[in-house]
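User: I am new to this structure and would like to learn how to read it, one feature at a time. Could you take me through it, giving the general idea before the particular case?

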Amino acid sequence: MALTIPAALRDQLRQHGEATYPHECCGVLLGEFGEDGAKIVKSIQPCGNTRTDSLANRYQISPAELLRIQREAMLADQDIVGFYHSHPDHPAHWSATDLAEAHWTGCSYLITSVEQGRAVLTHSFLLLGQEENKRFEDEVIAVIAHE
Amino acid sequence: MPIKVLIPTPLRPYAGKQSVVEVTAQTAGEALSDLVAQHPDLRKHLFSEDGKLRSFVNVYVNDEDIRYLSKEATLVKETDTISIVPSVAGGR
């Protein structure tokens, strides 16, 4: 299973991480689930980071903002398929905190490493299992030319 | 008219793959009880073993988080929409 994303949207979420550096950025991936669990990203929603106490190494999307995004997505016949955030001067890999705070199983969690203000790597991780035994698995990102 | 409960993506496999479930209730707590009565597999994903809502499960009645209203005793009416929104957070 892969996460398919248009190049323009991939670039946009990476640029979000550059814009918020040295703080973590965050946002929502909207799109569709395929029959086999594959996901196609159709749009992204940059969000505010409510962890103003620790912006450099923590992020949180306000549930109220998530609710609004979820409602708008349903009206547009789209689903929340995942989330993205950045790691300033840190690898594009999930941390223990990322896993502990992840609860949207079946969704993709994209992480971009932003080094000295420049986006470097973007990796995707699929959240699997149930709360007591959840895990991240590496996920292929299939980038397509912007339609 | 029943009350609509919006089911988030990760919980739909336990709600018959539905994104919306209709319940009959006077309070948010009753709505969640009716929801898990219809879909028992949802129970452990919404509630801990002591019967309390899991801390990362946010429940809204329209635009209001029930934590800031009357929690499970929050009154609901037929035109209300209940949304279940699991938290999104993390960091390096």
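This is a predicted model: local features need pLDDT of at least 70, side-chain atom pairs count only at pLDDT 80 or more; totals for chains, interfaces and linings use all residues.

User: Let us begin with chain B as a whole. How many helices and strands are there in chain B, and in what order do the elements run?

Analyst: Chain B has two helices and six strands, and from the N terminus on they follow the order β-β-α-α-β-β-β-β. The radius of gyration of chain B is 13 Å, close to the 12 Å that the globule rule gives for 92 residues, so chain B is as compact as a globular protein of that length. Its C-alpha trace spans about 45 × 30 × 25 Å along the principal axes, and buried residues account for 36% of the 92 residues.

User: How should I read the sheet of chain B, and which strands stand at its edges?

Analyst: Strands of a sheet pair through backbone hydrogen bonds, either parallel or antiparallel. In chain B, five strands make an open sheet in the order β2-β1-β5-β3-β4, with mixed pairing. The edges are β2 (20–23) and β4 (64–65) of chain B, and each has a single partner strand, so one side of each is left without a neighbour in the sheet.

User: What can be said about β3(B) and its partners?

Analyst: A strand inside a sheet can be followed through the partners on its two sides. Five bridges link β3(B) to β5(B) in an antiparallel arrangement, and within that pairing V57(B) has P86(B) as its bridge partner. Strand β3 (residues 57–61) of chain B also pairs with β4(B), again in the antiparallel sense, over two bridges; here Y60(B) stands opposite D65(B), and V61(B) stands opposite E64(B). β3(B) and β4(B) form a hairpin with two residues between them, and N62(B) in the turn has a positive phi of about 55 degrees.

User: Is β3(B) buried or exposed, and on which faces?

Analyst: In a regular strand the side chains alternate between the two faces of the sheet. For β3(B), both faces are covered, with V57(B), V59(B) and V61(B) buried on one side and N58(B) and Y60(B) buried on the other. Five of the five residues of β3(B) are buried, so this strand is largely enclosed by the rest of the structure.

User: Which helices lie across these strands, and at what angle?

Analyst: One can look for a helix that crosses a set of strands and then compare directions. Helix α1 (residues 28–38) of chain B lies across β1 (3–6), β2, β3 and β5 of chain B, running at about 115 degrees to β2(B). A helix from the other chain also takes part, in that α2(A) lies across β3, β4 and β5 (81–86) of chain B and runs at about 115 degrees to β5(B).

User: How do the two chains meet, and which element of chain A gives the most to the side that touches chain B?

Analyst: An interface can be described by counting the residues in contact and then asking which elements supply them. Here 26 residues of chain A are in contact with 16 residues of chain B. On the side of chain A that touches chain B, at least two residues each come from β4 (59–61), α2 (63–75), β5 (79–88) and α3 (96–100) of chain A, and β5(A) gives the most, with five residues. By class, that side of chain A has 10 nonpolar, 11 polar and five charged residues.

User: Within chain A, why does L29(A) count as buried?

Analyst: Burial is judged here from the neighbours around a residue. L29(A), which lies in strand β2 (residues 26–33) of chain A, has 27 C-beta neighbours inside 10 Å and therefore counts as buried. Beyond residues up to four places away in sequence, it touches V41(A), I44(A), V81(A), G82(A), F83(A), Y84(A) and S108(A).

Methods:
Residues are numbered from 1 along each chain as its sequence is written. Chains are lettered from A and ligands numbered from 1 in the order in which they are written. Two residues are in contact if their C-beta atoms, placed from the backbone, lie within 7 Å. Helices (H or I, at least four residues) and strands (E, at least two) are DSSP runs, numbered from the N terminus. Ala, Val, Leu, Ile, Met, Phe, Trp, Tyr, Cys and Pro count as nonpolar, Asp, Glu, Lys and Arg as charged, and the others, Gly among them, as polar. The radius of gyration is taken over C-alpha atoms; the globule rule is 2.2 Å times the number of residues to the power 0.38. A residue is buried if 20 or more other C-beta atoms lie within 10 Å of its own, exposed if 12 or fewer, and partly exposed in between; C-beta atoms are placed from the backbone. Two strands pair if DSSP finds at least two bridges between them. Axes are lines fitted to C-alpha atoms, for helices over the stretch in contact, and angles run from 0 to 180 degrees between N-to-C directions.
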